[in-house]
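Here are a few exercises to work through with the model open in your viewer. Try each task before you read its solution.

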Amino acid sequence: MQDSISKFNEAAQCLAPIIRTQVLKISDIVKKDVREIRIKIGVPVMIVCSCGTMLVGRDGRTGYIYNENFPLVTLSDVKETLNIICGYSLHSCQSSLLEGYVTIKGGHRVGVGARAVVENGVLKGIRDVAFLNIRIARQCKGVAVNIYDKFFNHSQKSIIVSGPPSSGKTTLLRDLSRLLSDIGGSKSYRTCVIDERDEIAAMYNGQPQNDVGINACVLSGFPKAEGILRAIRSLSPQVILCDEIGTNAEVEAISQGFNSGVSFVITIHSSSKSELVAKSQFRKLMQTGIFDSVIILDGGVKPCVIKEICKMEEFYNEIHRARSFDGCVRVGGQNVFNEN
Amino acid sequence: MVAFALVGRMFSMRIKERVKTLEKFRLMLKLMQTEIEYVNMPTYEMLKNASERQELSDLFFINDCLMLIDSGNPFDLSWSQSIQKTKPPELENDDIQLILSFGKSLGTTDRDGQLSLCGMYEELIVKKAQEAQAKAKSHAALYSKLGIICGVALAIILI
């Protein structure tokens, strides 16, 4: 509980002084349950808990119905908060602001809602920042123990973690990195984390804000394909961990890595087995023959709950069984792709 | 005669000090430009780097500004307070205003904006330093001459 409260207090430090004072007065019972702090011009400060979104009052009291005890966030509050988040250096956070988020000390991620500045169809910058969403980072240690035991303790396999949004794919990847690269564990590996969006290790001033293991090398901000190739060339990893694989270049880089003797742990978004099979990059990954198994996460209220662990052969068989005369592949009674 | 000549010398020394301080600030701008251009360095780190450089370590406000930031004050407030608190006598009000206004815009725009900002303020500082140098030359000569004239005049009166 203490850790959750201190994480909340840490995240609240990035708020403008007036709203910071107000938010820090929230009771500890509420603080430990807060997942997000939302700041929007013209409305009170909002917090997202397991029981929904609540407003924050002047004295730190929370409630669902608006009244005059809930002060409204002003433009200067949002501007000051953004300045603190960027360390009074917008130029240093330029690329991440264009992506729509900034990672702050403690690994918390701040989503930025603003007006786009577009030039010749290309996003050049943002202005009129009106909304900030601070997602409080809380590391779940131990969620990947079973996967580590099954795939890495006595062998070294490559696996895919798949699941719907908020099912805990990244959390699982983070914990697996910690287990794999912690010296002194039952079996330790030289790992490399390709953290394009600063979600896994959440680097801040050159230090990972999340525990990804002692022997893990983090390549932060690199495009995944470039990061994988760079890691293979110069960091001699045994296992590379990478979030949300999606492009052909990334599949190609994984293939090259495998040829160099590296194992991979990657994640792919998908709500179901059929959706996974329908994804062209998944089928390409299947064709490489690199991966041993797919871990499918449940996606319920609790994150990182494993629904199913499927051997890659099961997907081959399923596709083979489902292939009809017209070349369409049907999984779960649904057309997922056409081979012709 | 000697007293007036000394006043003239003191005045020109003060202008020379002003030029020296402006030159240091210009050097800081140049360094910041490089640090932004190559590594998009955050403002705090740029100040920290400047404070660690021998040629800039005695630039009047840097250490105070860093101390204020370290104690939790926002950057813009720390910048203006440290300058107001430590402004050296040789700097003119215009110089102080220029340095203050630079701090207001530092870190508030994207990379290109920051590079233009540093470039623009560098030009303004160079201009100020040139003006000060010209002033130092003319005033030093003027005060020396004035010293001689006043000395001669005083001697005539006494005789």
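Two residues count as in contact here if their C-beta atoms, placed from the backbone, lie within 7 Å. Keep in mind that you're looking at a predicted model.

**Exercise 1: domains of chain A**

Task: find out where chain A is divided, and how many residues of domain 1 are in contact with domain 2.

Solution: 
- Start with the bounds: domain 1 of chain A covers 2-135, and domain 2 covers 145-338.
- Next, take the centres over C-alpha atoms; those of domain 1 and domain 2 of chain A are separated by 31 Å.
- Now apply the contact rule: six residues of domain 1 of chain A touch six residues of domain 2 of chain A.
- Sort the domain 1 side by class, and you get one nonpolar, three polar and two charged residues.

**Exercise 2: two helices**

Task: decide whether H9(A) and H11(A) are roughly parallel or roughly antiparallel to each other.

Solution: 
- Get the geometry first: the axes of H9 (residues 248-259) and H11 (residues 280-288) of chain A come within 10 Å and cross at roughly 20°.
- Angles under 35 degrees count as roughly parallel.
- H9(A) and H11(A) are therefore roughly parallel to each other.
- As for handedness, the crossing of H9(A) and H11(A) is right-handed.
- On the H9(A) side, the residues that meet H11(A) are A:Val251, A:Ile254, A:Ser255 and A:Phe258. Their counterparts in H11(A) are A:Gln281, A:Lys284, A:Leu285 and A:Thr288.
- By class, that contact of H9(A) with H11(A) holds four nonpolar, three polar and one charged residues.

**Exercise 3: between the chains**

Task: how many residues does the contact take from chain A and from chain B?

Solution: 
- Chain A gives eight residues and chain B gives 13 residues.
- The chain A side that touches chain B splits into two nonpolar, six polar and no charged residues.

Note on methods:
Residues are numbered from 1 along each chain as its sequence is written. Chains are lettered from A and ligands numbered from 1 in the order in which they are written. This is a predicted model: local features need pLDDT of at least 70, side-chain atom pairs count only at pLDDT 80 or more; totals for chains, interfaces and linings use all residues. Ala, Val, Leu, Ile, Met, Phe, Trp, Tyr, Cys and Pro count as nonpolar, Asp, Glu, Lys and Arg as charged, and the others, Gly among them, as polar. Axes are lines fitted to C-alpha atoms, for helices over the stretch in contact, and angles run from 0 to 180 degrees between N-to-C directions. Helices (H or I, at least four residues) and strands (E, at least two) are DSSP runs, numbered from the N terminus. Angles under 35 degrees count as roughly parallel, over 145 as roughly antiparallel, 65 to 115 as roughly perpendicular and the rest as oblique. A crossing is left-handed if the near helix is turned anticlockwise from the far one by less than a right angle, and right-handed if clockwise. Domain bounds come from an automatic or database domain assignment.
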